[in-house]
Amino acid sequence: MSSRKDAVFAAADSIESQGNKATLEAVRVITGGSYSTLVPLMQEWRIQLHPDRPPRDPAPKAIATRI
């Protein structure tokens, strides 16, 4: 695990252990960095935290065909 990933995961774990929600902004205050760096790491952290939670529903067909 990279040190950046370790730092983000540790910050998110610390925030949650204090009874607060580990938001991007809360983690960014602790670790610094940009949202573009934090988003994929926080997504990975959330998946590891709740592996049984299904991914979000796909976009409705009408929207998907427009894309």
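## Starting at V27

With 0% relative accessibility, V27 counts as buried (buried means under 20% relative accessible area with a 1.4 Å probe, protein chains only). This is a predicted model, where local features need pLDDT of at least 70 and side-chain atom pairs pLDDT 80 or more, while totals for chains, interfaces and linings use all residues. Numbering starts from 1 along each chain as its sequence is written, and side-chain values use heavy atoms, leaving out hydrogens and water.

V27 sits in helix α2, residues 24-31 (helices are DSSP runs of H or I, at least four residues, and strands are E runs of at least two, numbered from the N terminus). Leaving aside residues up to four places away in sequence, V27 touches V8, A11, A12, I15, A22, G32, L38 and M42; a contact here means heavy atoms within 4.5 Å. Take A12: 15 residues away from V27 in sequence, but 6.0 Å away in space, C-alpha to C-alpha.

## How α1 meets α2

Helix α1 (residues 3-17) packs on α2 at about 120 degrees, and the axes are 9 Å apart. Axes are lines fitted to C-alpha atoms, for helices over the stretch in contact, and angles run from 0 to 180 degrees between N-to-C directions. The pair is therefore oblique, the label left over once under 35 degrees is roughly parallel, over 145 roughly antiparallel and 65 to 115 roughly perpendicular.

On the α1 side the contact uses R4, A7, V8, A11, A12 and I15, and on the α2 side A26, V27, I30 and T31. Sorted by class, that's eight nonpolar, one polar and one charged (Ala, Val, Leu, Ile, Met, Phe, Trp, Tyr, Cys and Pro are nonpolar, Asp, Glu, Lys and Arg charged, the others, Gly among them, polar).

## How α1 meets α3

α1 also packs against helix α3 (residues 35-49), at about 60 degrees with the axes 10 Å apart. That makes α1 oblique to α3 as well.

From α1 come R4, K5, V8, F9, A12, D13 and E16; they meet T37, L38, L41, M42, E44, W45 and Q48 of α3. This contact splits into seven nonpolar, two polar and five charged residues.

## The whole chain

Zooming out, the protein has four helices and zero strands, running α-α-α-α from the N terminus. Of its 67 residues, 19% are buried. Among contacts with a separation of 6 or more, 43% join residues 24 or more positions apart.

Definitions and conventions. Buried means under 20% relative accessible area, exposed over 50%, partly exposed in between (1.4 Å probe, protein chains only).
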